[in-house]
Amino acid sequence: VVLWLAWPALAQVAGLNPGPDPRLPVPAAYPPWHAVALIEAEGAGLCTGAMVAPTIVLTAAHCLKDAPGTALLPPARLRVTVGGAEARGVSLRVGAGFDPVREAPWASDWALVSLNAAIGAGRVLPLLRETPPAGSILSLPGFQRNEPGALLVDPACRYLGLRRVEGEGVMLAHDCAGTTGSSGGPLLLRGADGRFAIIGVQSKGILGRAGGLAVPALVIATP
(Lines give C-alpha, C1' and ligand atoms only; values in the text may rest on other atoms or scores of the structure.)
Protein backbone atom coordinates (compact mmCIF):
# COMPACT_ATOMS: atom_id res chain seq x y z
CA VAL A 1 0.00 0.00 0.00
CA VAL A 2 1.38 3.40 -0.95
CA LEU A 3 0.63 6.16 1.54
CA TRP A 4 -0.86 9.26 -0.05
CA LEU A 5 -1.99 11.18 3.03
CA ALA A 6 -0.57 11.25 6.53
CA TRP A 7 -2.59 12.17 9.60
CA PRO A 8 -0.83 12.81 12.93
CA ALA A 9 -1.39 9.85 15.22
CA LEU A 10 0.41 7.42 17.46
CA ALA A 11 1.15 3.96 16.08
CA GLN A 12 -0.54 4.77 12.80
CA VAL A 13 -1.35 1.87 10.51
CA ALA A 14 -1.92 2.34 6.80
CA GLY A 15 -5.54 1.86 5.80
CA LEU A 16 -6.97 1.27 9.29
CA ASN A 17 -8.81 3.50 11.75
CA PRO A 18 -7.77 3.58 15.40
CA GLY A 19 -10.24 1.53 17.42
CA PRO A 20 -12.58 -1.23 16.18
CA ASP A 21 -11.46 -3.04 13.03
CA PRO A 22 -14.29 -3.61 10.52
CA ARG A 23 -12.42 -6.34 8.64
CA LEU A 24 -13.69 -9.88 8.98
CA PRO A 25 -12.19 -13.24 7.96
CA VAL A 26 -14.18 -14.89 5.19
CA PRO A 27 -14.12 -18.41 3.71
CA ALA A 28 -12.02 -18.22 0.56
CA ALA A 29 -13.89 -21.15 -1.00
CA TYR A 30 -17.18 -19.29 -1.41
CA PRO A 31 -18.17 -16.63 -3.96
CA PRO A 32 -17.22 -13.92 -4.49
CA TRP A 33 -14.19 -14.49 -2.26
CA HIS A 34 -13.21 -17.61 -4.23
CA ALA A 35 -12.03 -15.31 -7.06
CA VAL A 36 -9.61 -13.40 -4.81
CA ALA A 37 -6.00 -14.40 -5.41
CA LEU A 38 -2.78 -14.16 -3.42
CA ILE A 39 0.02 -12.55 -5.46
CA GLU A 40 3.61 -13.33 -4.47
CA ALA A 41 6.32 -11.31 -6.15
CA GLU A 42 9.52 -13.33 -5.73
CA GLY A 43 11.84 -11.61 -3.27
CA ALA A 44 9.59 -8.57 -3.00
CA GLY A 45 6.32 -9.13 -1.15
CA LEU A 46 2.67 -10.10 -1.10
CA CYS A 47 -0.39 -8.47 -2.61
CA THR A 48 -3.95 -9.33 -3.59
CA GLY A 49 -5.56 -9.81 -6.99
CA ALA A 50 -8.77 -11.02 -8.61
CA MET A 51 -9.36 -13.53 -11.38
CA VAL A 52 -10.96 -11.84 -14.40
CA ALA A 53 -10.50 -14.83 -16.73
CA PRO A 54 -9.47 -18.45 -16.10
CA THR A 55 -5.83 -17.60 -16.87
CA ILE A 56 -5.73 -13.86 -16.08
CA VAL A 57 -5.44 -12.15 -12.71
CA LEU A 58 -5.92 -8.41 -12.16
CA THR A 59 -3.81 -6.60 -9.55
CA ALA A 60 -1.92 -3.36 -8.95
CA ALA A 61 1.17 -2.77 -11.09
CA HIS A 62 3.20 -1.61 -8.08
CA CYS A 63 2.72 -5.10 -6.59
CA LEU A 64 4.94 -6.54 -9.32
CA LYS A 65 8.07 -4.49 -8.56
CA ASP A 66 11.41 -6.11 -7.84
CA ALA A 67 13.03 -5.81 -4.41
CA PRO A 68 15.03 -2.65 -5.27
CA GLY A 69 11.81 -1.09 -6.54
CA THR A 70 13.30 0.03 -9.84
CA ALA A 71 11.65 -2.35 -12.32
CA LEU A 72 8.82 -4.83 -12.76
CA LEU A 73 9.68 -8.49 -12.19
CA PRO A 74 9.67 -10.93 -15.10
CA PRO A 75 6.28 -12.69 -15.18
CA ALA A 76 7.81 -16.07 -14.34
CA ARG A 77 8.82 -14.69 -10.92
CA LEU A 78 5.20 -14.01 -10.02
CA ARG A 79 3.28 -16.76 -8.21
CA VAL A 80 -0.51 -16.62 -8.01
CA THR A 81 -2.59 -18.80 -5.69
CA VAL A 82 -6.37 -19.16 -5.74
CA GLY A 83 -8.53 -22.01 -4.47
CA GLY A 84 -5.45 -23.89 -3.32
CA ALA A 85 -4.04 -24.02 -6.87
CA GLU A 86 -0.89 -22.21 -7.97
CA ALA A 87 0.28 -20.80 -11.29
CA ARG A 88 3.15 -18.70 -12.60
CA GLY A 89 2.97 -15.64 -14.79
CA VAL A 90 3.80 -15.95 -18.47
CA SER A 91 3.12 -12.38 -19.60
CA LEU A 92 1.81 -9.14 -18.20
CA ARG A 93 0.26 -5.89 -19.30
CA VAL A 94 0.26 -2.73 -17.17
CA GLY A 95 -1.36 0.67 -17.43
CA ALA A 96 0.04 3.06 -20.04
CA GLY A 97 3.25 4.78 -18.98
CA PHE A 98 3.43 3.20 -15.52
CA ASP A 99 6.79 4.05 -13.88
CA PRO A 100 7.67 1.54 -11.14
CA VAL A 101 10.10 3.92 -9.48
CA ARG A 102 7.50 6.66 -8.96
CA GLU A 103 4.55 4.23 -8.96
CA ALA A 104 2.90 6.70 -11.30
CA PRO A 105 0.77 7.81 -12.94
CA TRP A 106 -1.62 6.55 -10.32
CA ALA A 107 -4.38 5.78 -12.81
CA SER A 108 -1.98 3.38 -14.59
CA ASP A 109 -1.32 1.37 -11.43
CA TRP A 110 -2.99 -1.79 -12.72
CA ALA A 111 -1.71 -5.02 -14.21
CA LEU A 112 -3.15 -8.05 -15.97
CA VAL A 113 -0.98 -11.12 -15.45
CA SER A 114 -1.51 -14.06 -17.82
CA LEU A 115 -0.86 -17.40 -16.14
CA ASN A 116 0.45 -20.80 -17.20
CA ALA A 117 -2.61 -22.65 -15.85
CA ALA A 118 -6.35 -21.99 -15.77
CA ILE A 119 -6.58 -21.76 -11.97
CA GLY A 120 -9.39 -19.21 -12.27
CA ALA A 121 -11.83 -21.55 -14.04
CA GLY A 122 -15.22 -21.06 -12.36
CA ARG A 123 -13.79 -18.24 -10.24
CA VAL A 124 -14.05 -15.18 -12.50
CA LEU A 125 -15.33 -11.74 -11.50
CA PRO A 126 -16.53 -9.23 -14.13
CA LEU A 127 -15.38 -5.61 -14.36
CA LEU A 128 -18.05 -2.95 -14.00
CA ARG A 129 -17.81 -0.36 -16.80
CA GLU A 130 -19.96 2.27 -15.10
CA THR A 131 -19.88 4.24 -11.86
CA PRO A 132 -22.45 3.68 -9.12
CA PRO A 133 -24.06 6.44 -7.05
CA ALA A 134 -21.83 7.97 -4.36
CA GLY A 135 -22.41 6.20 -1.07
CA SER A 136 -22.90 2.78 -2.67
CA ILE A 137 -21.80 -0.08 -0.40
CA LEU A 138 -18.56 -1.82 -1.35
CA SER A 139 -16.43 -4.69 -0.08
CA LEU A 140 -12.62 -4.79 -0.08
CA PRO A 141 -11.06 -8.26 0.33
CA GLY A 142 -7.35 -8.80 0.77
CA PHE A 143 -4.54 -10.99 2.08
CA GLN A 144 -2.99 -8.64 4.62
CA ARG A 145 0.29 -8.65 6.44
CA ASN A 146 -1.13 -8.28 9.95
CA GLU A 147 -3.20 -11.51 9.57
CA PRO A 148 -0.98 -13.93 7.57
CA GLY A 149 -2.87 -16.62 5.68
CA ALA A 150 -6.32 -15.14 6.28
CA LEU A 151 -8.52 -13.51 3.68
CA LEU A 152 -9.93 -10.41 5.36
CA VAL A 153 -12.81 -8.31 4.04
CA ASP A 154 -14.20 -4.91 4.93
CA PRO A 155 -17.76 -5.90 4.01
CA ALA A 156 -19.62 -2.60 4.25
CA CYS A 157 -17.51 0.37 3.21
CA ARG A 158 -18.55 3.13 0.80
CA TYR A 159 -17.83 4.41 -2.68
CA LEU A 160 -17.10 8.13 -2.37
CA GLY A 161 -16.94 9.07 -6.06
CA LEU A 162 -14.30 9.71 -8.71
CA ARG A 163 -11.45 12.13 -8.02
CA ARG A 164 -9.16 13.75 -10.58
CA VAL A 165 -5.64 13.96 -9.14
CA GLU A 166 -3.41 16.47 -10.90
CA GLY A 167 -0.78 14.70 -12.96
CA GLU A 168 -2.04 11.26 -11.92
CA GLY A 169 -5.43 10.81 -13.61
CA VAL A 170 -8.90 9.89 -12.37
CA MET A 171 -9.11 7.66 -9.30
CA LEU A 172 -11.92 6.04 -7.35
CA ALA A 173 -12.21 7.22 -3.72
CA HIS A 174 -13.48 4.92 -0.95
CA ASP A 175 -13.44 4.56 2.83
CA CYS A 176 -12.63 0.83 2.95
CA ALA A 177 -10.25 -0.60 5.55
CA GLY A 178 -7.28 -2.54 4.25
CA THR A 179 -3.62 -2.46 5.19
CA THR A 180 -0.36 -3.75 3.67
CA GLY A 181 -1.14 -6.64 1.34
CA SER A 182 -4.55 -5.33 0.28
CA SER A 183 -2.96 -3.50 -2.66
CA GLY A 184 -4.27 -4.93 -5.91
CA GLY A 185 -7.42 -6.16 -4.20
CA PRO A 186 -10.75 -5.69 -5.97
CA LEU A 187 -13.27 -3.11 -4.80
CA LEU A 188 -16.50 -5.10 -5.14
CA LEU A 189 -20.02 -3.83 -5.71
CA ARG A 190 -23.03 -6.11 -5.32
CA GLY A 191 -25.66 -5.67 -8.02
CA ALA A 192 -29.42 -5.88 -7.72
CA ASP A 193 -29.16 -9.50 -8.92
CA GLY A 194 -26.90 -10.36 -5.98
CA ARG A 195 -23.80 -10.80 -8.11
CA PHE A 196 -20.54 -8.98 -7.44
CA ALA A 197 -18.46 -6.98 -9.93
CA ILE A 198 -15.11 -5.21 -9.70
CA ILE A 199 -15.38 -1.41 -9.77
CA GLY A 200 -11.76 -0.68 -8.89
CA VAL A 201 -8.30 -2.00 -7.98
CA GLN A 202 -6.88 -0.90 -4.63
CA SER A 203 -3.83 1.31 -5.15
CA LYS A 204 -3.30 3.93 -2.42
CA GLY A 205 -4.01 3.78 1.31
CA ILE A 206 -4.20 6.51 3.93
CA LEU A 207 -1.87 6.54 6.93
CA GLY A 208 -3.81 6.43 10.18
CA ARG A 209 -7.32 5.83 8.92
CA ALA A 210 -9.41 3.67 6.61
CA GLY A 211 -9.87 4.73 3.01
CA GLY A 212 -7.89 5.20 -0.12
CA LEU A 213 -7.83 5.48 -3.88
CA ALA A 214 -8.36 2.74 -6.42
CA VAL A 215 -7.90 2.57 -10.18
CA PRO A 216 -11.44 2.61 -11.66
CA ALA A 217 -12.34 -0.55 -13.54
CA LEU A 218 -13.67 1.55 -16.41
CA VAL A 219 -10.10 2.59 -17.38
CA ILE A 220 -8.64 -0.94 -17.33
CA ALA A 221 -8.15 -2.36 -20.81
CA THR A 222 -8.97 -6.07 -20.73
CA PRO A 223 -8.20 -8.45 -23.65
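**View 1. Glutamate 42 and arginine 88 pair up through their side chains in a salt bridge.** This is a predicted model, in which local features need pLDDT of at least 70 and side-chain atom pairs count only at pLDDT 80 or more, while totals for chains, interfaces and linings use all residues. Residue numbers start from 1 along each chain as its sequence is written, and side-chain values use heavy atoms, with hydrogens and water left out. The N to O distance here is 3.5 Å; to count as a salt bridge, a side-chain nitrogen of Lys or Arg has to sit within 4 Å of a carboxyl oxygen of Asp or Glu. The two partners are 46 residues apart and link distant parts of the chain: glutamate 42 belongs to the loop between strand E3 (36-41) and strand E4 (45-53), and arginine 88 to strand E7 (residues 85-94). (Strands, E, are DSSP runs of at least two residues, numbered from the N terminus.) Glutamate 42 is partly exposed, at 39% relative accessible area, and arginine 88 is partly exposed too, at 31%. For these labels, buried is under 20% relative accessible area, exposed is over 50%, and partly exposed is in between, using a 1.4 Å probe and protein chains only.

**View 2. Aspartate 175 meets arginine 158 in a salt bridge, with 2.9 Å from N to O.** Here's another link between distant parts of the chain, with the partners 17 residues apart. Aspartate 175 sits in the loop between strand E11 (169-174) and strand E12 (186-190), whereas arginine 158 is in strand E10 (residues 151-165). Aspartate 175 has a relative accessible area of 22%, so it's partly exposed; arginine 158, at 40%, counts as partly exposed as well. Elsewhere, salt bridges with shared partners tie Glu40, Arg79 and Glu86 into one network.

**View 3. Arginine 102 and aspartate 99 join side chains in a salt bridge of 3.2 Å, N to O.** Arginine 102 is exposed, at 53% relative accessible area, but aspartate 99 is partly exposed, at 24%. The salt-bridge count comes to eight.

**View 4. Val57, Leu58, Leu115 and Ile198 touch the most other members of the largest nonpolar core, which has 50 residues.** A nonpolar core is a set of buried Ala, Val, Leu, Ile, Met, Phe, Trp, Tyr and Cys residues joined through side-chain atoms within 4.5 Å. Apart from this core lies another one, of 12 residues, including Leu140, Tyr159, Cys176 and Leu189.

**View 5. Leucine 115 is in contact with Met51, Thr55, Val57, Val80, Ala87, Arg88, Gly89 and Val90.** That list leaves aside neighbours within four places in sequence, and contact means heavy atoms within 4.5 Å. Arg88, one of these contacts, is also the salt-bridge partner of glutamate 42.

How values were computed
Helix = DSSP H or I, 4+ residues; strand = E, 2+ residues; numbered from the N terminus.
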